[in-house]
Amino acid sequence: MPPDGPEEVLLGVDTHKDVHAAAVVTALGRALGTRSFPATAEGYRRLVLWARSFGALRRAGIECTGSYGAGLARHLRVEGIEVTEVNQPDKAARRRHGKTDAVDAEAAARAVLSGRATATAKAGDGPVETLRLFKLAKGSAIKSRTQAINQLKSVLVSADSALRESLAGLSNPYLFRRCAELDGSDTAGPAAAARHTLRLLARRIQHLTEEIDDLNKRIGAAVEASTPALLDAHGVGPDSAAALLIAAGDNPERLADEASFAALCGTSPVEASSGKTQRRRLNRGGDRQANAALYRIVLSRLRWDQRTRDYLQRRLAEGKTRREIIRCLKRYIAREIYRLIVPTSTPANHPSPAGVAA
């Protein structure tokens, strides 16, 4: 009996800055064709039309959905196509099959077909994407300000003794203000050049500080508008909340459960058993920014939350090390954060220690 409707096909795309290589395979794994399209809005439209000419297109495997493939992934989701993030093929597979864009595109489609690639791509079209951009700008501003401060103090160390003594003993805010007010009109000679350089660096530091303050306000407002309950959790500030939301993405429902979020944050233990040895090791993968955010939350609760401190003492009495206890706390807090980010989820059957869960 002939099947109802057109045959289902899968799309695989190897993304690049200017051109995307696409491949289409059937649900049985037969390759139907490969073709390249420009990485433009018109190119995305033509790619979808070409892929749908082979059959019913419902799923696609895309490489680099967070960078070169971000625009295409958004376009496919608007078209009602499920987008799966595909990791680049391993080196063994490339040695066997060679390396071309067409081969990589077909491998992406087969990764979705075989079930090797199952992670739904992040949606970069909501408030979390706004947070990511603000965090990106803030990170670069902080790095530049730190560099400018180090340069200013380095210049000050070797500056003329009269200038150095006039600025000695000042705290950083007053030091930057005094340096910004120095006369920089005369640049003849090392002493005048040092004053001019200090003036430029101080004004750069002040400008970057204004940028950072503005971004801090925007990040706080974005978190408040997106997930206000997150800021009510003990020890969670705007920066930590932003890092955890960025890890989950604009579509946190793509995470199967709280264990998936814990693994994403690198807080789930990894099996490392062999033979008669049964053990687990620390997970050093996952989103390290989110992992660092959980660590900051743990340190805050250990200092200010009495129930969490009681939990620490109880586990120490049981023979656990402080490092092991912090890992446990990060795992419990990841569960709590997941329930706040995805409030419709069903709570897990594992109770959290007092002072950790909401």
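Buried means under 20% relative accessible area, exposed over 50%, and partly exposed in between, with a 1.4 Å probe and protein chains only. Helices (H or I, at least four residues) and strands (E, at least two) are DSSP runs numbered from the N terminus.

The model described here is predicted: local features need pLDDT of at least 70, side-chain atom pairs count only at pLDDT 80 or more, and totals for chains, interfaces and linings use all residues. Residues are numbered from 1 along each chain as its sequence is written, and side-chain values use heavy atoms, with hydrogens and water left out.

**Helix 2 and the largest pocket**

In helix 2 (70-78), the buried residues are A70, G71, L72, A73 and L76. These residues pack against strand 1 (8-14), strand 2 (19-26), helix 1 (41-52), strand 4 (56-63) and strand 5 (82-86), where contact means heavy atoms within 4.5 Å. Just after helix 2, G80 takes a positive phi of about 80 degrees.

Helix 2 also gives the most to the lining of the largest pocket, with 4 residues; helix 5 (127-157) likewise supplies at least two. A pocket is an open set of points on a 1 Å grid over the protein atoms alone, where a 1.4 Å probe fits, with protein on both sides within 12 Å along at least five of seven lines; lining residues have an atom within 4 Å of a point. The volume of the largest pocket is about 360 Å³, taken as the space filled by probe spheres set on the points, which are joined across faces, edges and corners. Of its 20 lining residues, T65, G66, K122, A123 and E129 lie nearest the centre. The lining comprises 7 nonpolar, 5 polar and 8 charged residues. In this division Ala, Val, Leu, Ile, Met, Phe, Trp, Tyr, Cys and Pro count as nonpolar, Asp, Glu, Lys and Arg as charged, and the others, Gly among them, as polar.

**Nonpolar cores**

A nonpolar core is a set of buried Ala, Val, Leu, Ile, Met, Phe, Trp, Tyr and Cys residues joined through side-chain atoms within 4.5 Å. The largest such core has 38 residues, and L131, L244, F261 and I337 have the most contacts inside it. Helix 14 gives the most to this core, with 9 residues. Apart from it lies another core of 20 residues, including V13, A22, A60 and I62.

Leaving aside neighbours within four places in sequence, L131 is in contact with I219, A222, V223, A242, L245 and I246. K135, in helix 5, touches I219, D239, A242 and I246 when residues up to four places away in sequence are not counted.

**Selected residues**

N251 is found in the loop between helix 10 and helix 11. Not counting residues up to four places away in sequence, N251 touches T120, A121, K122 and A123. V298 belongs to helix 12 and, with neighbours within four places in sequence left aside, is in contact with I326, L329, K330 and I333. The C-alpha atoms of V298 and C265 are 14 Å apart in space, with the two residues 33 apart in sequence.

| Residue | Relative accessible area | Class |
|---|---|---|
| C64 | 25% | partly exposed |
| K135 | 25% | partly exposed |
| C179 | 0% | buried |
| N251 | 9% | buried |
| V298 | 1% | buried |

With a disulfide defined as a pair of cysteine sulfur atoms within 2.5 Å, the count comes to 0 disulfides.
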